[in-house]
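Hi,

Here is the structure I promised to pass on. Have a look at it first, and then read my notes below.

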Amino acid sequence: VGSAISFALMSPAGIGVGIAVMESSSYYLGHLVSGVMQGIAAGTFLYVTVFEVMALEFNIGKDENRLWKVLFLALGFASIAFVNLFHVHGLNDIGLPP
């Protein structure tokens, strides 16, 4: 019960700390802290994905399904990279019509 309560309180506490940092500090410091925290969050997701989910997923099932799993993993990474290309650069930056 104690860990559930502390887990439930971490999101509002993190939101409060984030608002306090972004409102009270300078522009550059706020963006630096935001970037560091987003990097930590992204690193946590990558760690859990690579060492927990993918390791388990590639070790279960038949060996002939492993190639399909690798192909769909590559397709997923490629689709995210494609979406990121349009999100970061915009449609007009790569020569597509508006």
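Read along the sequence, the pattern is α-α-α, with 3 helices and 0 strands in the chain. Helices here are DSSP runs of H or I with at least four residues, strands are E runs of at least two, and both are numbered from the N terminus. Before you go further: this is a predicted model, where local features need pLDDT of at least 70 and side-chain atom pairs count only at pLDDT 80 or more, while totals for chains, interfaces and linings use all residues. Residues are numbered from 1 along each chain as its sequence is written, and side-chain values use heavy atoms, with hydrogens and water left out.

How much of the chain is buried? Buried residues are 2% of the 98 in the chain (buried is under 20% relative accessible area, exposed is over 50%, partly exposed is in between, with a 1.4 Å probe and protein chains only). The accessible surface comes to about 8400 Å², and 74% of that belongs to carbon and sulfur atoms. Those areas come from the Shrake-Rupley method with a 1.4 Å probe; for residues, only the protein chains shown count as cover.

Now the helices. Helix 1 covers residues 2-24, and the 32 Å between its end C-alpha atoms agrees with the 33 Å that its 23 residues should span at 1.5 Å a residue (the expected span is 1.5 Å times one less than the number of residues). There is a kink of about 30° at Met10, shortly before Pro12; the bend at a residue is the angle between axes fitted to the seven residues ending there and the seven starting there.

Helix 2 has 33 residues and reaches 47 Å from first C-alpha to last, close to the expected 48 Å. Its kink, about 35°, is centred on Thr49. After helix 2 comes Gly61, with a positive phi near 90°.

What about aromatic pairs? The whole structure has 2 of them. Tyr47 and Phe51 make a tilted one, at 4.9 Å centre to centre with 45° between the planes. (Rings of Phe, Tyr and Trp, the last by its six-membered ring, pair if their centres lie within 6.5 Å; planes under 30 degrees apart are stacked, over 60 edge-to-face, and the rest tilted.) Both residues sit in helix 2, 4 residues apart, or about one turn. Tyr47 is partly exposed at 48%, whereas Phe51 is exposed at 55%.

Finally, the structure holds 1 salt bridge, meaning a side-chain nitrogen of Lys or Arg within 4 Å of a carboxyl oxygen of Asp or Glu. Glu57 and Lys69 form a salt bridge, with their closest N and O atoms 3.5 Å apart. This pair links distant parts of the chain, as Glu57 is in helix 2 and Lys69 is in helix 3 (residues 64-89), 12 residues apart. Glu57 is partly exposed, at 39%.

Cheers
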